[in-house]
Amino acid sequence: MKNKLEYVVLVIALLSITNTLQATDYYIGLNGDDNNSGTSPEQAWKNISKINKMQFSAGDGIFFEGGQIFLGSIQFDSNDNGTPKNPITIGSYGRGRAIIDSGQEHGLYAHN
């Protein structure tokens, strides 16, 4: 019985690690390129429209270059799968806060 319990605890621990390892941080910068991987400040994407074409998973982070203004509206749908324990987060990197100027649209729109 003890071996079964240890096995179950080990499986749960491995699944937790696997879920954590799948999370990715993405970066958007004014000098970026939407053909980049987006996975580091040096490989940042340039436009919010690139974010809207991607599918994000639980724990992923989206970080805008601090002190810069980005035009557009971030849109998430049912293909973007954050969870209460591992939400998709949005923030800034570098110095200062990034600003999202969505004009007359929603700055962030999430549906389903």
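This is a chat about one predicted protein model.

Biologist: Hey, what am I looking at, and how are the residues numbered?

Modeller: It's a predicted model, so to speak of local features we need pLDDT of at least 70, side-chain atom pairs count only at pLDDT 80 or more, and totals for chains, interfaces and linings use all residues. Residues are numbered from 1 along each chain as its sequence is written, and side-chain values use heavy atoms, with hydrogens and water left out.

Biologist: OK, how many helices and strands does the protein have?

Modeller: There are 2 helices and 7 strands. Both kinds are DSSP runs numbered from the N terminus: helices are H or I with at least four residues, strands are E with at least two. Along the sequence the pattern reads α-β-α-β-β-β-β-β-β.

Biologist: Which strands make up the open sheet, and in what order?

Modeller: Three strands, in the order β1-β2-β5, with parallel pairing. Two strands pair if DSSP finds at least two bridges between them. At the edges stand β1 (25-28) and β5 (89-93), each with a single partner strand, so one side of each is left without a neighbour in the sheet.

Biologist: Is β2 largely enclosed or largely open? What do its residues show?

Modeller: Strand β2 is largely enclosed by the rest of the structure, because 4 of its 5 residues are buried. Buried means under 20% relative accessible area, exposed means over 50%, and partly exposed is in between (1.4 Å probe, protein chains only).

Biologist: New topic: which residues are in the largest nonpolar core?

Modeller: It has 12 residues, including Tyr26, Ile28, Trp45, Phe64, Phe70 and Ile74. A nonpolar core is a set of buried Ala, Val, Leu, Ile, Met, Phe, Trp, Tyr and Cys residues joined through side-chain atoms within 4.5 Å. In soluble globular proteins, nonpolar side chains tend to be buried together.

Biologist: Which elements give two or more residues to this core?

Modeller: Those are β1, α2 (48-53), β2 and β4.

Biologist: Tell me about Ile74. Where is it, and is it buried or exposed?

Modeller: Ile74 is in strand β4 (residues 74-76). Ile74 is buried, with a relative accessible area of 1%. Setting aside residues up to four places away in sequence, Ile74 touches several others, among them Ile48, Phe64, Ile90 and Ile100. A contact means heavy atoms within 4.5 Å.

Biologist: What about Ile100, then? Buried, exposed or partly exposed?

Modeller: Ile100 counts as partly exposed, at 29% relative accessibility. Ile100 is found in strand β6 (residues 99-101). Ile100 and Ile74 are 26 residues apart in sequence, and their C-alpha atoms are 8.8 Å apart in space.

Biologist: How many aromatic pairs are there?

Modeller: The count is 6 aromatic pairs. Rings of Phe, Tyr and Trp (its six-membered ring) pair if their centres lie within 6.5 Å; planes under 30 degrees apart count as stacked, over 60 as edge-to-face and the rest as tilted. Take Tyr27 and Tyr93: their centres are 5.1 Å apart and their planes at 85°, so the pair is edge-to-face. Tyr27 lies in strand β1 and Tyr93 in strand β5, so the pair ties together parts that are 66 residues apart in sequence.

Biologist: Which residues form the aromatic cluster?

Modeller: Tyr26, Trp45, Phe56 and Phe76 form one aromatic cluster. Both Phe56 and Phe76 are buried.
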